[in-house]
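Here is a short briefing on one protein chain. Please look over the sequence and the model before reading on.

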Amino acid sequence: MAHGRPVALAATAVLVCEAVGVAALHWILGVMADRQDMSLAGLDPRAAAVSAWTGGAALGALLLLCGALLLRTALTGRAPGRPARALLVGVAVGHGVLGAAAAALVGWAAFAVLMAALGVLVLALLTPVAPAGEQGAGAPLRPTTP
């Protein structure tokens, strides 16, 4: 029995929540950088704030795009194409690298959250998606009585 659709929906929910969280975190970091009165190696605080906001928007948009690709997979029953799979694999690798850094810098709770997101992404990439109207991955059942 293929569980691709529920897994793709779960991965979509994880990525959308993560996109909102990343964008909010970068917004807060940008506000903090904008309100400071000192510079970092001559960099204007306003430039640091705009960079944080731009990076948060770009990363949030990337995660939303990946969530949209997985939502399309869940709704249509078609596996993502090669470019979409490459993008999803790239995001999964990014989660792995960020999880390793989070374990050292933030703590094990952040590591666990990122590894759970990584697990859902990898599961969504590896689980076959059954087309609409088909119950399982095998041949349709036929009646055995004449």
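The notes below cover the fold, the helices, the core, selected residues and the surface.

This is a predicted model, in which local features need pLDDT of at least 70, side-chain atom pairs count only at pLDDT 80 or more, and totals for chains, interfaces and linings use all residues. Residues are numbered from 1 along each chain as its sequence is written, and side-chain values use heavy atoms, with hydrogens and water left out. The protein chain has four helices and zero strands. Helices (H or I, at least four residues) and strands (E, at least two) are DSSP runs, numbered from the N terminus.

**Overall fold**

- Along the sequence, the pattern of the protein chain reads α-α-α-α.
- The protein chain has 146 residues, of which 31% count as buried. Buried means under 20% relative accessible area, exposed over 50%, and partly exposed in between (1.4 Å probe, protein chains only).
- Take the contacts in the protein chain between residues at least 6 apart in sequence: 65% of them join residues at least 24 apart. Contact means heavy atoms within 4.5 Å.
- Accessible areas come from the Shrake-Rupley method with a 1.4 Å probe; for residues, only the protein chains shown count as cover.

- Helix α1 has 32 residues. From first C-alpha to last, α1 reaches 46 Å, close to the 46 Å expected at 1.5 Å a residue. The expected span is 1.5 Å times one less than the number of residues in the helix.
- Buried residues of α1 include Val7, Ala8, Ala11, Leu15, Ala19 and Val22. The buried residues of this helix pack against α2, α3 and α4.
- An α-helix has 3.6 residues a turn, so residues three or four places apart point the same way.
- Helix α3 has 24 residues, which should span 34 Å at 1.5 Å a residue; its end C-alpha atoms are 34 Å apart, in agreement.
- In α3, the buried residues are Ala84, Leu88, Val91, Ala92, His95, Gly99, Ala102 and Ala103. They pack against α1, α2 and α4.
- Glycine 107 follows α3 and has a positive phi, near 140 degrees.

**Nonpolar core**

- The largest nonpolar core has 15 residues. Leu15, Leu63, Leu70 and Leu121 have the most contacts inside it. Such a core is a set of buried Ala, Val, Leu, Ile, Met, Phe, Trp, Tyr and Cys residues joined through side-chain atoms within 4.5 Å.
- At least two residues of this core come from each of α1, α2, α3 (82-105) and α4 (108-126). Helix α1 gives the most, with five residues.
- Leucine 121 touches Leu15, Leu70, Val91, Ala92 and His95, not counting residues up to four places away in sequence.

**Selected residues**

- Leucine 118 sits in helix α4. With a relative accessible area of 18%, leucine 118 is buried.
- Leaving aside neighbours within four places in sequence, leucine 118 is in contact with Ala92, His95 and Gly96.
- Leucine 118 and alanine 11 are 107 residues apart in sequence, yet 9.3 Å apart in space, C-alpha to C-alpha.
- Threonine 73 lies in helix α2. Its relative accessibility is 3%, so threonine 73 counts as buried.
- Beyond its neighbours within four places in sequence, threonine 73 is in contact with Ala8, Arg78, Ala79, Pro80 and Val129.
- Proline 6 belongs to helix α1. At a relative accessible area of 53%, proline 6 is exposed.
- Proline 6 and alanine 74 are 68 residues apart in sequence and 7.1 Å apart in space, C-alpha to C-alpha.

**Salt bridge**

- A search of the whole structure finds one salt bridge. A salt bridge is a side-chain nitrogen of Lys or Arg within 4 Å of a carboxyl oxygen of Asp or Glu.
- Arginine 46 and aspartate 34 form a salt bridge through their side chains, at 3.0 Å from N to O. The pair links arginine 46 in helix α2 (residues 45-76) to aspartate 34 in helix α1 (residues 4-35), 12 residues apart.
- Arginine 46 is partly exposed, at 43% relative accessibility. Aspartate 34 is also partly exposed, with a relative accessible area of 30%.

**Nonpolar surface patch**

- Leu25, Trp27, Ile28, Leu29 and Met32 form a nonpolar patch on the surface. Together they have about 540 Å² of accessible area.
- Patches are made of residues with over 30% relative accessible area and no salt bridge; like charges are joined within 9 Å, and nonpolar side chains (Val, Leu, Ile, Met, Phe, Trp, Tyr) within 5 Å.
- Leucine 29 is in helix α1. Leucine 29 counts as partly exposed, at 40% relative accessibility.
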